[in-house]
Structures are given as C-alpha cells and as structure tokens.
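Please keep the sequence and the coordinates open while reading.

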Amino acid sequence: MRRIAEDGIAQDGVASFPDTQVSPHGQATAEARAAAVAATIARQAVDEADHAMRNWTDPAPGPIRIGSPEHLRMFSNMLLQTHNPYKPAVIDWPKLAPDALRRVTSLPIWDIAVQTEGRASVRVHAFANTVRDPLLRSALEMDGDEEARHKVVLSKLVEAYGIALEPEPEYPVPADPEWGWLATGYSECIDSFAAFGLFAAARQSGFFPEELVETFEPVIQEEGRHILFFVNWAAWYRRSLPWWRRPFYTLKVWRVWVHLIRERIGIAKGIDTGDSVQDANFPMNASGALTESLTPGALIDLCLVENERRMAGYDARLLRPDFVPRIARLVRRFVK
Ligand SMILES: [Fe+2]
Ligand SMILES: [Fe+2]
C-alpha cells in the first residue's frame, strides 16, 4: 500500500488527494493540489536526472575498438549525456544536530577540497582549449564546468555550516596543459577510489547524517564519471599518437605519477608533524577521522566494492579504471 505523507505525496512520489474535496476551502485545496503536483514533478525530475547520471549505454550496437573514432565518440557522449543539471544554489542543506555539526565542521578537509576543485577546473579548461575535436572538446569543457560546480557546492556547504576558510590562492593556468590534465586525471583516479570507500564508511558509521550524505552523493558519482571518462581518453589518446611520440608520452605519464606519489608523501609527512596540510588529497586527510571503526583491510574492501558499484551502470564496452584497484588488491594481500 502507498503511504501518503502530510504533503499529500505518496511514497512512490505520486500526488494523491481526495477527488471530492469541497468548499469552503476549495481555493486552498486547489492550491495545495497544484503545489503537490509541482513538488511531485520536481521530485520525479530529480530522480530521473539521478538515474540518468548513473546509467548509460550507447544505443549503437556491436563491439568497439579501443582507440577508434567510435570509442572517442562513446566516451565523450557518456560524459555529456550523463550530466546531472542540478543547481548548487538551490541545494537545501539539512539542519544538523549539534554533535553532527561539530563532526562536519572539525574535519580538516574543507580548504583542501575547495582548492582541489578550483585547481582542477582551471587545468581541465586549459586542456580543453588545446583540443580540436568538437565533441571531445565539449566533453572536456563540461568536465571542467562540473569541477567549478563542485567548488560552488562546497562553498555553499561551508557557508551553510559556518565553516571558516583560508583565503583561496591563485590557480595558475599550467604552462603545459597536457601535464595539468594528466595530473588532474590520475590524481582523481586515486582520490575518487579512496573517496568511494570513505563516503560509504561515513554513511555506514553514521559519521555524516543520512540527509547530508544524500545531498552530497551526486558529487561523488560525478567524480566516478570523470575517472571513467579519463581512463578511456588516456587509452584512446595513447593509441592515437604516432609511434615515435609514444615513448615521450609514456615518460610524461611516469613523471606525473612520481609527482603525485611525492605530493602524497608530503601530505602524509605534514599529517605526522601536525603541519597544516593544504594540498590536493582530501580523502587521505579525512580517512583518520572517518574510519576509526574500520581496519585498513576492511576499508580497502569497501573501496573496491563501491568502485564496482559506481561503475556498474555504464556501457560495458568502455574501459574501467583499473590501475588503482589493482594496486589496492595487491596491498590488500598484506594488510588486515
Ligand atoms: Fe571535482
Ligand atoms: Fe572530477
């Protein structure tokens, strides 16, 4: 049986009012009915956009060759067609109980998170400006716009809960846009994988209240779409290079990885020495506070399960982020 809430909206989202409501409150009833219908339509639109961002299959049948023009079209369309058009300005941040508010505001991640999104947006747009293919370019522009929107979402969250931020630094346009794009892409592959597990841990443990988890959920899924797009772009790009450029490109990718590993070692040292750590990896900083009840092994398992779940709805012909999960599985053999 459908349960009808006080606002006249059934749990399945369909407005439900008695057909034979009579005056003297006829006017008020009509207005209430119109409001309920409008709320139902709005809720259904939100649910549909949420489903569409998580589930996408290219209608063109048959196998595709990785690195082909069809592959390029597929991963670009995946990003463009799963865009969720939510507006950060209208997000209704839930009121938090005092202890939940204290937990949220005391996390040492908000400066880092805002700055990471700001930097990512500049880097992705800088790379988009170098791309000639119109479809790929518009997918990259959308990716950069979504990073800018993440920054707005975080800024609104910070404002809603009265969290004071450091002044933001400048986000310089990288001298080598390809380097900036690779650094952002591979960095997101690490951070999103960790964030998937940490976010699930925060939900399971009640560290974050359920309403806040729900409000923030689309941002995490968006990062999942970004890394899916990135790994497919990386595979396509490598194959599209002339043979003589591939060794230079491979070297550049290795340099990016060395840079990212050094960056993370620096962050870990900063945490050990209690320095304020204002750099790119907020999941690492959040992990201590969120996962006290989880063993490292259980957290890795959670990251792996969540990674599978978040990627499951997209066309099976697209490559999946593979490198970080493989490392995680390897590490998992040695930790409890
Ligand atoms: Fe982001
Ligand atoms: Fe992203």
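The model is predicted. The protein has eleven helices and zero strands, and its pattern along the sequence reads α-α-α-α-α-α-α-α-α-α-α. Of the 336 residues in the protein, 33% are buried. Among contacts between residues at least 6 apart in sequence, 80% join residues at least 24 apart.

**Helix H2**

- H2 covers residues 69-81.
- The 13 residues of H2 should span 18 Å at 1.5 Å a residue, and the end C-alpha atoms are 18 Å apart, so the two figures agree.
- The buried residues in H2 are His-71, Leu-72, Met-74, Phe-75, Ser-76, Met-78 and Leu-79.
- Those buried residues of H2 pack against H5 and H7.

**Helix H4**

- H4 runs over residues 110-128 and holds 19 residues.
- From first C-alpha to last, H4 reaches 27 Å, close to the 27 Å expected at 1.5 Å a residue.
- H4 is mostly covered, with 19 of its 19 residues buried.

**Helix H6**

- H6 takes up residues 177-205.
- At 1.5 Å a residue, the 29 residues of H6 should span 42 Å; the end C-alpha atoms lie 40 Å apart, which agrees.
- H6 is mostly covered, and 23 of its 29 residues are buried.
- Gly-206 follows H6 and has a positive phi, near 75°.

**H2 with H7**

- H7 spans residues 210-240, and its axis comes within 10 Å of the axis of H2, the two crossing at roughly 165°.
- An angle over 145 degrees counts as roughly antiparallel, and the crossing angle therefore makes H2 roughly antiparallel to H7.
- The crossing of H2 and H7 is left-handed.
- On the H2 side the contact is made by His-71, Leu-72, Phe-75, Met-78 and Leu-79.
- On the H7 side the contact is made by Arg-225, Leu-228, Phe-229, Asn-232, Trp-233 and Trp-236.
- By class, the contact of H2 with H7 has eight nonpolar residues, two polar and one charged.
- His-71, Leu-72, Phe-75, Met-78 and Leu-79 of H2 take part in this contact and are also among the buried residues of H2.

**H4 with H6**

- The axes of H4 and H6 come within 8 Å and cross at roughly 130°.
- That angle makes H4 oblique to H6.
- The crossing in which H4 passes H6 is left-handed.
- H4 contributes Ala-120, Arg-123, Val-124, Ala-126 and Phe-127 to the contact.
- H6 contributes Pro-177, Glu-178, Gly-180, Trp-181 and Thr-184.
- The contact of H4 with H6 divides into six nonpolar, two polar and two charged residues.

**H6 with H11**

- H11 covers residues 323-332; the axes of H6 and H11 come within 9 Å and cross at roughly 55°.
- H6 and H11 are therefore oblique to each other.
- H6 passes H11 in a right-handed crossing.
- From H6, Cys-189, Ile-190 and Phe-193 meet Phe-323, Val-324, Pro-325 and Ala-328 in H11.
- The contact of H6 with H11 has seven nonpolar residues, with no polar and no charged ones.

**Two residues of helix H5**

- Ser-138 sits in H5, which covers residues 134-160.
- Ser-138 has 15 C-beta neighbours inside 10 Å and so counts as partly exposed.
- Ser-138 and Leu-79 are 59 residues apart in sequence, while their C-alpha atoms are 9.7 Å apart in space.
- Leu-79 is one of the buried residues of H2.
- Val-152 also belongs to H5.
- Val-152 is partly exposed because 15 other C-beta atoms lie within 10 Å.
- Val-152 and Lys-87 are separated by 65 residues in sequence and by 9.5 Å in space, C-alpha to C-alpha.

Methods:
Residues are numbered from 1 along each chain as its sequence is written. Chains are lettered from A and ligands numbered from 1 in the order in which they are written. This is a predicted model: local features need pLDDT of at least 70, side-chain atom pairs count only at pLDDT 80 or more; totals for chains, interfaces and linings use all residues. Helices (H or I, at least four residues) and strands (E, at least two) are DSSP runs, numbered from the N terminus. The expected span of a helix is 1.5 Å times one less than its number of residues. A residue is buried if 20 or more other C-beta atoms lie within 10 Å of its own, exposed if 12 or fewer, and partly exposed in between; C-beta atoms are placed from the backbone. Axes are lines fitted to C-alpha atoms, for helices over the stretch in contact, and angles run from 0 to 180 degrees between N-to-C directions. Angles under 35 degrees count as roughly parallel, over 145 as roughly antiparallel, 65 to 115 as roughly perpendicular and the rest as oblique. A crossing is left-handed if the near helix is turned anticlockwise from the far one by less than a right angle, and right-handed if clockwise. Two residues are in contact if their C-beta atoms, placed from the backbone, lie within 7 Å. Ala, Val, Leu, Ile, Met, Phe, Trp, Tyr, Cys and Pro count as nonpolar, Asp, Glu, Lys and Arg as charged, and the others, Gly among them, as polar.
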